[in-house]
Amino acid sequence: PLPHKNMIFSRHICSSFHRHFHHKSPLPLRQIFSLPIHHHFHTSPTLCYSRKYEKIKGKKAVSDVKRTVIQSKISREIQAAVSSMRNADPEINYRLKLALDNAKRNAVTKATIEKAIQNGLQDKAADTMEQIWYAGRMGRVCLMVRALADRNKRQVTTSFLKHIFKKNGGTVGDPKSVEFAFQRKGLFVFPEGTELDQVMDDCIECNAEDVYENHEGSIVCLCDPNEYFKVKAELEKRGFAQFQDSGVVMHPLEDAIEHVKASSEIGQQLQSLVEELEEYEDVQDVYTNLRWEREDEDE
């Protein structure tokens, strides 16, 4: 009888039988089954590939979900922008022009854009959509949250946002209480690997107000928000066709920036708070005056 009643035969054991009976292996069967367990079993290449594929598929699924959420929010922004002015001309409707720029950067389909524009022009429900600003704090870190909500359900949105802040150790206040920490700016973040010396002169010649390297090593260019499209066109003429990020944002003032380590307790709370805010369907943008410190930096 076999020493292991429920043993599952691997290819190694089968090959051991094959060698024993057909090649007169010097090892008796009892000795074959007494070998250490790792001699019998192994992780097959197929299983390794399967696990690797599952991990890749899992990451892709998360990425696809995030992309869907982002595109859904952009679609709502386009609809609200059109509805706010009853005008679908981006040269007249600046808010729409910004939304379309964001849609292009996030690969929103033409059909989705056209549908959002038509809904904004025709759907009476779009008239009840309004832009709402919320302010929050966690310690010395300030947050500005821009939401797009149904006017009739504004209280629901407000209550849920307060719940998210409270759950993660933050508080909600008057937007004016954090305005001191931000300024509206046009922003361009260049692709990873771009050197500061490569873009400094070009950005200055394009009327940029500031160019710097952020804590992640990316090059950031700031400009007057009303000059955003003009600066973008000039940068594109100089060969900068793709940006890691761009748009008109609420950018933190240098004097108001708060440095936090990601591994600290407040750092982990902030990560959880921002993540939950961004996942909420009514939230369009989340801005903070936070700057992550590198873990190897001195306290």
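Predicted model: local features only at pLDDT ≥ 70, side-chain atom pairs only at ≥ 80, totals over all residues.
Residues are numbered from 1 along each chain as its sequence is written, and side-chain values use heavy atoms, with hydrogens and water left out. The protein contains ten helices and ten strands; helices (H or I, at least four residues) and strands (E, at least two) are DSSP runs, numbered from the N terminus. Of its 299 residues, 38% are buried, where buried means under 20% relative accessible area, exposed over 50%, and partly exposed in between (1.4 Å probe, protein chains only).

**Overall contacts**

- Of the contacts in the protein with a separation of 6 or more, 70% are between residues 24 or more positions apart; contact means heavy atoms within 4.5 Å.

**Packing of helices α5 and α9**

- Helix α5 (residues 94-105) packs against helix α9 (residues 228-237) at an angle of about 35°, and their axes are 12 Å apart. Axes are lines fitted to C-alpha atoms, for helices over the stretch in contact, and angles run from 0 to 180 degrees between N-to-C directions.
- From α5, the residues Y94, K97, L98, D101 and R105 meet Y228, F229 and K232 of α9.
- By class, this contact of α5 with α9 has four nonpolar, four charged and no polar residues. Ala, Val, Leu, Ile, Met, Phe, Trp, Tyr, Cys and Pro count as nonpolar, Asp, Glu, Lys and Arg as charged, and the others, Gly among them, as polar.
- F229 lies in helix α9 and counts as buried at 18% relative accessibility.
- Leaving aside neighbours within four places in sequence, F229 is in contact with Y94, K97, L98 and D101.
- The C-alpha atoms of F229 and D101 are separated by 9.3 Å, although these residues are 128 residues apart along the chain.

**K232, a buried lysine**

- K232 is found in helix α9 and, with a relative accessibility of 13%, counts as buried.
- The side chain of K232 makes a polar contact of 2.3 Å with the side chain of D101. A polar contact is a pair of N or O atoms within 3.5 Å; within protein, one must be able to donate a hydrogen and the other to accept it, and residues adjacent in sequence count only if both atoms are side-chain atoms.
- Apart from neighbours within four places in sequence, K232 is in contact with D101, F188 and F243.

**Aromatic pairs and cluster**

- The count comes to eight aromatic pairs. Rings of Phe, Tyr and Trp (its six-membered ring) pair if their centres lie within 6.5 Å; planes under 30 degrees apart count as stacked, over 60 as edge-to-face and the rest as tilted.
- The rings of F188 and F243 have centres 5.2 Å apart and planes at 50°, so this pair is tilted.
- F188 lies in strand β4 (residues 182-189) and F243 in the loop between α9 and β7 (245-252), so the pair ties together parts that are 55 residues apart in sequence.
- The rings of F190 and F243 have centres 5.5 Å apart and planes at 65°, so this pair is edge-to-face.
- F190 lies in the loop between β4 and α8 (196-205), so its pair with F243, in the loop between α9 and β7, ties together parts that are 53 residues apart in sequence.
- F188 and F243 are buried, F243 at 11% relative accessibility, and F190 is buried with a relative accessible area of 0%.
- One aromatic cluster is formed by Y94, F188, F190, Y228, F229, F240 and F243.

**Cysteines**

- The count of disulfides is zero, a disulfide being a pair of cysteine sulfur atoms within 2.5 Å.
- The closest cysteine sulfur to that of C203 belongs to C221, at 3.7 Å, which is too far for a bond.
- C223 is in no disulfide, and its nearest cysteine sulfur, that of C221, is 6.1 Å away.
- C203 is buried, with a relative accessible area of 0%, and C223 is buried with a relative accessible area of 0%.

**T157 in helix α7**

- T157 is placed in helix α7 (residues 154-167) and is buried, with a relative accessible area of 2%.
- The side chains of T157 and D282 are joined by a polar contact of 2.7 Å.
- Not counting residues up to four places away in sequence, T157 touches Y134, A149, Y280 and D282.
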